Amino acid sequence: MFDVHAVAGLEGSPRLQLNYVQGLLLQREIGIQIPDDILILHIKLLCQLHPKQVIEEVKKTTYPLDESLRIVKEFGLNNVAAFFLERAGNLHEALDITLDLFTKSTEKKLKKIEEHGLFRN
């Protein structure tokens, strides 16, 4: 059903490999079960090539939690890591990551405001 050799043969061309894997994932719509290794490869390729799209994809599809969490952490996608942690029931760590992201974002925005002289003492 799934040509493992075709997936492996595209290993040197991540964009082609991602396109092929996305084609395989379309088979879910007709009820075909996608193997975990294909799902893990998909999340890894998305992290590598289209990191901004990862959060939307993981909201639509169920990925193997432990391995996917490891991959998104490896790529520094903390918002996605928080999503997986919440899904796994680790609310404390998910909240810690979310608060850290919020703090960093706020600090970055305040720095921009200060640089543009919008805060005057």
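This report describes the nonpolar core, the helix packing, selected residues and the salt bridges of one structure. The model is a predicted one.

## The nonpolar core

The largest nonpolar core holds 30 residues. Within this core, Ile-43, Val-54, Val-58, Val-72, Val-80 and Phe-84 touch the most other members. At least two core residues come from each of H2, helix H3 (36–49), H4, H5, H6 and H7. Helix H3 gives the most, with eight residues.

When neighbours within four places in sequence are left aside, Val-54 is in contact with Ile-43, Leu-46, Cys-47, Val-72, Leu-77 and Val-80.

## Helix H6 and its surroundings

Helix H6 covers residues 78–87, and its buried residues are Val-80, Ala-81, Ala-82, Phe-83, Phe-84 and Leu-85. Against which helices do the buried residues of H6 pack? They pack against helix H4 (54–60), H5 and H7. Just after H6, Gly-89 takes a positive phi of about 90 degrees.

The pairing of H5 with H6 can be described by its geometry. The two helices pack at an angle of about 160 degrees, and their axes are 9 Å apart. Because angles over 145 degrees count as roughly antiparallel, H5 and H6 are roughly antiparallel to each other. Their crossing is left-handed. On the H5 side, the contact is made by Leu-65, Ser-68, Leu-69, Val-72 and Lys-73. On the H6 side, Val-80, Ala-81, Phe-84, Leu-85 and Arg-87 take part.

Gln-17 lies in helix H2, which spans residues 14–25. Is Gln-17 buried or exposed? Gln-17 has a relative accessible area of 5%, and it counts as buried because this value is under 20%. Not counting residues up to four places away in sequence, Gln-17 touches Val-7, Leu-10, Glu-11, Leu-41 and Leu-45.

His-42 is placed in helix H3. Its relative accessibility is 2%, so His-42 counts as buried. With residues up to four places away in sequence again not counted, His-42 touches Leu-18, Val-21, Gln-22, Leu-25, Glu-57 and Tyr-63.

## Salt bridges

How many salt bridges does the count come to? The count comes to five salt bridges. The table lists some of them, with the distance between the nitrogen and oxygen atoms.

| Residue | Partner | N to O distance |
|---|---|---|
| Arg-70 | Glu-74 | 2.7 Å |
| Lys-73 | Glu-93 | 3.3 Å |
| Lys-104 | Asp-100 | 3.2 Å |

Arg-70 and Glu-74 are four residues apart in helix H5 (residues 65–74), so they are separated by about one helical turn. Arg-70 has a relative accessibility of 41% and counts as partly exposed.

The pair of Lys-73 and Glu-93 forms a salt bridge between their side chains. Lys-73 lies in helix H5 and Glu-93 in helix H7 (residues 91–115), so the pair ties together parts that are 20 residues apart in sequence. Lys-73 is partly exposed, with a relative accessible area of 38%. Glu-93 is also partly exposed, at 29% relative accessibility.

Lys-104 is partly exposed, with a relative accessible area of 48%. Asp-100 is likewise partly exposed, with a value of 35%. Elsewhere, salt bridges that share partners join Glu-67, Arg-70 and Glu-74 into one network.

## A further residue of helix H7

Ser-105 is found in helix H7. At 31% relative accessibility, Ser-105 counts as partly exposed. Ser-105 and Ile-34 are 71 residues apart along the chain. What distance separates the C-alpha atoms of Ser-105 and Ile-34? Those two C-alpha atoms are separated by 36 Å.

How values were computed: Residues numbered from 1 in each chain as written. Predicted model: local features only at pLDDT ≥ 70, side-chain atom pairs only at ≥ 80, totals over all residues. Heavy atoms only, no water. Buried < 20%, exposed > 50% of the residue type's maximum accessible area, 1.4 Å probe, protein only. Contact = heavy atoms within 4.5 Å. Salt bridge = Lys/Arg side-chain N within 4 Å of Asp/Glu carboxyl O. Core = buried A, V, L, I, M, F, W, Y, C linked by side-chain atoms within 4.5 Å. Axes fitted to C-alpha atoms, helices over the stretch in contact; angles between N-to-C directions. Parallel < 35°, antiparallel > 145°, perpendicular 65-115°, else oblique. Left-handed = near helix turned anticlockwise from the far one by under 90°.
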